Amino acid sequence: MKLITAVIKPFKLDDVKAALQAYGVHGLTITEASGYGRQRGHTEVYRGAEYQVDLVPKVRVEVLCEDEDADDLIGVMVKAAQTGRIGDGKVWSVPVETVVRVRTGERGPDAI
Amino acid sequence: METITSFAADRARRTNQVDRWLAELLGAEPRVALVAVGGYGRRELLPRSDLDVVLLHDGRDGIADIADRIWYPVWDSGAELDHAVRTVPQARRVARNDLKVALGLLSARHVAGDPDLTERLREGALEDWRAAAPTRLAELHAAHDERAKMFGELAFLLEPDLKEARGGLRDVHAIQAVAAAWVAPAPGPKVRTAYEQVLDTRHALHEVTGRRLDRLVLEEQDEVARAIGLLDGDVLLRMLAGAARTIAYAVDHTFRQADRLRGRRLRRRPAERRPLADAVVEQDGEVVLARAAEPADDPVLVLRAAAAAAQAALPLAPRTLDRLAECPPLAVPWPASARDALLALLGAGPSAVSVWEALDTEGLVTALIPDWERVRNRPQRNPLHKFTVDRHLVETAAHAAALTREVARPDLLLIAALLHDIGKGWPGDHSVTGAVVAGDVGRRMGLPDPDVELIAAAVRHHLLLPMVATRRDLDDPVTVRQVAALVPSRALLELLHALAIADGLATGPAAWNDWKATLVADLVRRVAAVLDGEPTPEPAPLRADQLELAADGGPAATVRGSEVTVVAPDRPGLLWRAAGVLASHRLAVRSANATSVQGTAVTVFDVEPEFGDPPDPTLVAGDLRRMLLGRLDVEDRLERRARAAPPHGTRVPAPRVTLVDGASETATVVEVRAHDAPGLLWRVGRALGECGLNVRAARVETLGAEVVDVFYVTDEDGAPLTDRDRRRATIGSVLAALAS
């Protein structure tokens with residue numbers, strides 16, 4: 001099993017959710033996050049004053065899936081989250097040892 | 001009605017059953033008694049209540065066996081038992097050291113055995129309670145405050161704790177406890193009815209869930225409502241809100257009486273009366289009406305007294321509220337003084353909430369704003385919200401009060417905050433219906449059409465910024481252009497930004513955080529950059545009669561009603577010295593308009609007395625003329641007055657001073673946003689004068705308790721300020737003058 005994490009632009013959340021649903025993913029976790037990547041935030045000039053925005057608001061999406069679905073899911077999420085501009089975010093996956101559904105106690109792939 | 005009687009009857013029946021059972025268990029045993037305390041003592045046994053029982057004895061032998069004979073069968077029955085075995089002196093000693101035990105003993109009731117023992121305990125416990133009343137009541141009050149902090153307010157929470165929340169059952173027990181100390185009257189019929197309603201709800205909650213629960217969670221509300229014969233959970237919450245408000249209000253009043261008892265024993269000084277506003281004074285930590293007040297002839301008095309109370313962060317005395325109910329209805333549209341008072345009330349921030357609450361309990365809010373009725377006590381089914389609609393609106397206005405420096409129109413911000421969800425009382429999209437209702441209310445308040453439109457637009461679009469900021473691509477110019485099309489002015493954009501923050505903060509922790517704030521602020525910056533700069537307010541042109549006065553050249557001063565006109569050859573310091581003279585006569589400057597006509601300065605003030613009757617106009621005019629001729633020391637007079645001025649009760653946001661570029665080519669525009677205070681214009685003007693600046697023109701506006709002042713200033717050579725250090729120093733000294 002794999003845990004796929006995506007950090008994306010907030011307004012892309014609806015697109016990513018729709019794409020995951022279309023693929024057949026039923027559950028996901030959303031967190032409001034802030035951070036920066038290679039662009040190190042950005043500087044804006046407004047009415048003569050400079051504003052330094054160091055931490056850019058992002059949304060963090062987490063999905064559990066079976067090993068064989070991971071690559072496809074990453075592809076689906078990247079496609080849905082892409083605008084082609086700086087700050088589009090990242091998607092990565094890590095292996096998962098155990099998953100248990102709290103309500104029923106089911107384990108492993110059945111719990112996903 | 002029938003169901004309600006059946007709940008009370010059910011509790012009494014259960015109590016009687018348990019009484020009989022315990023009496024059988026005790027049998028005919030001499031020199032002992034079984035005493036019911038707490039809820040059982042009050043005959044309020046709910047299906048899952050625990051039994052609070054004291055086995056009272058006189059020190060005889062074999063008491064342990066008697067106790068076993070009673071406790072074991074009770075335990076075996078599965079009932080929750082809270083038990084104690086004590087002699088009368090032991091029970092009194094424990095009660096003296098433990099508030100909870102002492103409160104339980106106040107409702108002690110004889111169940112079985114020797115009634116004399118019980119009577120001795122009851123009398124002894126009451127005697128101890130009364131003897132230690134000052135400290136006990138203070139502990140009781142502290143416990144109440146602690147509970148309120150932890151459990152919140154029953155009336156406004158969507159999942160309230162019926163027992164512990166403010167306005168819940170414990171508060172009524174507290175009132176009874178204060179009454180037992182002979183400090184305040186016992187709960188009246190209104191409070192008793194409210195108590196029964198909350199108790200019945202708890203009763204039904206036990207029955208429906210089969211568990212001893214105090215918190216009325218969302219998923220149980222519909223079933224509990226049906227169990228007490230109500231249509232659904234919404235109706236239930238509305239009933240509870242009404243009941244809890246009655247209780248909370250009564251408990252506050254009771255504690256004030258209890259505190260006063262303590263205060264009097266400590267201080268022993270006569271109650272002082274201190275004027276707060278016209279016909280409104282402070283006495284003994286409460287706001288009351290002055291002796292000269294005539295509610296029957298003074299429709300604005302309700303709002304004026306409420307504003308004074310909120311600004312001083314003091315409660316309105318209950319008898320004052322009764323008298324305020326005699327005020328005739330306000331004329332529609334409202335006079336300006338009523339609007340100003342409403343703004344001063346809302347602008348007080350957190351302290352406005354309890355004052356508003358007091359007005360609402362007496363039905364005074366719906367008398368002012370009939371549309372309020374539809375959102376009153378209205379619950380909302382939404383996981384983000386934690387308050388009922390009406391409380392959410394008041395909380396939003398209180399949060400908006402902290403943001404008044406962020407907007408050019410603090411008055412419209414406060415009104416828009418108060419009305420932004422008013423549409424939730426009507427079917428359909430609440431932003432759309434709300435805009436219509438808010439427009440009606442704005443017109444009722446007598447606001448001019450452009451302001452009404454701005455408020456309606458703010459209500460219509462109050463969700464726009466947070467929604468777009470979190471769901472749309474801010475880098476896309478189309479997004480920003482679309483928002484700019486809906487929000488065509490900076491005034492509206494500022495309003496919406498501040499409203500979004502206040503709304504989010506008042507909704508609950510899930511609705512607003514740094515994450516969202518950053519996104520919304522980013523959107524606002526981008527939209528603002530697209531919008532053209534708003535023109536800074538300029539001095540109004542003079543009327544023909546004022547121009548005529550100017551042609552004479554002065555010096556002259558006239559006072560006509562609330563309008564004061566000062567004409568003199570232009571020289572530095574004229575405006576603020578004249579403002580100082582007015583302040584020394586206890587006249588508050590509502591607006592000032594200073595212009596210069598060919599070397600003659602014409603300043604027109606709109607003034608009103610701070611309180612009491614207006615001063616003699618000939619005296620004011622005389623002082624103004626003496627000032628113009630240099631024969632009056634204004635400063636000395638004001639210094640003396642400032643030392644006697646009452647300190648502010650409520651915390652206000654820090655003032656803001658900005659130098660606006662590009663507003664004028666020949667002068668620098670200084671914009672001051674601050675909380676109004678006596679002599680403010682005089683202090684700001686003097687600070688500008690001390691910086692060597694000349695005020696060429698000015699426009700001063702008081703919006704409720706807030707002022708927005710614009711000064712057109714030049715340096716000694718009549719040129720705008722360009723030197724960076726000097727600009728900074730100017731801002732610094734104006735701020736220092738505002739802080740003093």
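This is a predicted model: local features need pLDDT of at least 70, side-chain atom pairs count only at pLDDT 80 or more; totals for chains, interfaces and linings use all residues.
Chain B is divided into five parts: domain 1 covers residues 2-131, domain 2 covers 134-267, domain 3 covers 281-368, domain 4 covers 373-534 and domain 5 covers 544-739. Between the C-alpha centres of domain 2 and domain 5 of chain B there is a separation of 51 Å.

Several helix pairs illustrate how elements of chain B are packed. In helix 8 (residues 169-180) and helix 9 (residues 189-209) of chain B, the axes come within 10 Å and cross at roughly 145°. The crossing of helix 8 of chain B past helix 9 of chain B is left-handed. On the side of helix 8 of chain B, the contact is made by B:Leu169, B:Val172 and B:Ile175, and helix 9 of chain B contributes B:Val191, B:Tyr195, B:Val198 and B:Leu199. Sorted by class, this contact between helix 8 and helix 9 of chain B has 7 nonpolar residues, with no polar and no charged residues.

A second pair consists of helix 15 (residues 350-361) and helix 17 (residues 389-401) of chain B, whose axes come within 8 Å and cross at roughly 150°. Helix 15 of chain B is therefore roughly antiparallel to helix 17 of chain B, since angles over 145 degrees count as roughly antiparallel. Helix 15 of chain B passes helix 17 of chain B in a right-handed sense. From helix 15 of chain B, the residues B:Pro350, B:Ala352, B:Val353 and B:Trp356 meet B:Val394, B:Glu395, B:Ala397 and B:Ala398 of helix 17 of chain B. The class count for the contact of helix 15 with helix 17 of chain B is 7 nonpolar, no polar and 1 charged.

By class, the contact of helix 19 with helix 20 of chain B has 7 nonpolar, 4 polar and 3 charged residues.

The strands of chain B may be considered next. Strands of a sheet pair through backbone hydrogen bonds, either parallel or antiparallel. In chain B, an open sheet of 3 strands has the order 5-6-7, and its pairing is antiparallel. Strand 5 (273-277) and strand 7 (286-289) of chain B are at the edges, each with a single partner strand, so one side of each has no neighbour in the sheet. From one strand to the next, the twist averages 40°. Strand 5 of chain B pairs with strand 6 (residues 280-283) of chain B over 4 bridges in the antiparallel sense; here B:Arg274 has B:Glu282 of strand 6 as its bridge partner.

Further along chain B, strand 11 (residues 600-609) runs antiparallel to strand 9 (residues 563-569), to which 7 bridges join it. The bridge partner of B:Pro569 is B:Thr600 in strand 11 of chain B. Strand 11 of chain B is also joined by 10 bridges to strand 10 (residues 587-597) of chain B, again antiparallel, with B:Leu587 partnered by B:Pro609 in strand 11. Strands 10 and 11 of chain B form a hairpin with 2 residues between them, and B:Gln598 in the turn has a positive phi of about 45°.

Most residues other than glycine have a negative phi, and most peptide bonds are trans. B:Arg31 has a positive phi near 60°, and this residue is found in the loop between helix 1 (2-26) and strand 1 (32-36) of chain B. The peptide bond from B:Val332 to B:Pro333 is cis, with omega near -5°; B:Pro333 is placed in the loop between helix 13 (318-324) and helix 14 (336-346) of chain B.

Finally, 11 residues of chain B are in contact with 11 residues of chain A. Helix 21 (464-471) and helix 24 (514-530) of chain B each supply at least two residues of the side that touches chain A, and helix 24 of chain B gives the most, with 5 residues. The residues on this side of chain B divide into 3 nonpolar, 3 polar and 5 charged.

Conventions
Residues are numbered from 1 along each chain as its sequence is written. Chains are lettered from A and ligands numbered from 1 in the order in which they are written. Ala, Val, Leu, Ile, Met, Phe, Trp, Tyr, Cys and Pro count as nonpolar, Asp, Glu, Lys and Arg as charged, and the others, Gly among them, as polar. Two residues are in contact if their C-beta atoms, placed from the backbone, lie within 7 Å. Axes are lines fitted to C-alpha atoms, for helices over the stretch in contact, and angles run from 0 to 180 degrees between N-to-C directions. A crossing is left-handed if the near helix is turned anticlockwise from the far one by less than a right angle, and right-handed if clockwise. Domain bounds come from an automatic or database domain assignment. Angles under 35 degrees count as roughly parallel, over 145 as roughly antiparallel, 65 to 115 as roughly perpendicular and the rest as oblique. Two strands pair if DSSP finds at least two bridges between them.
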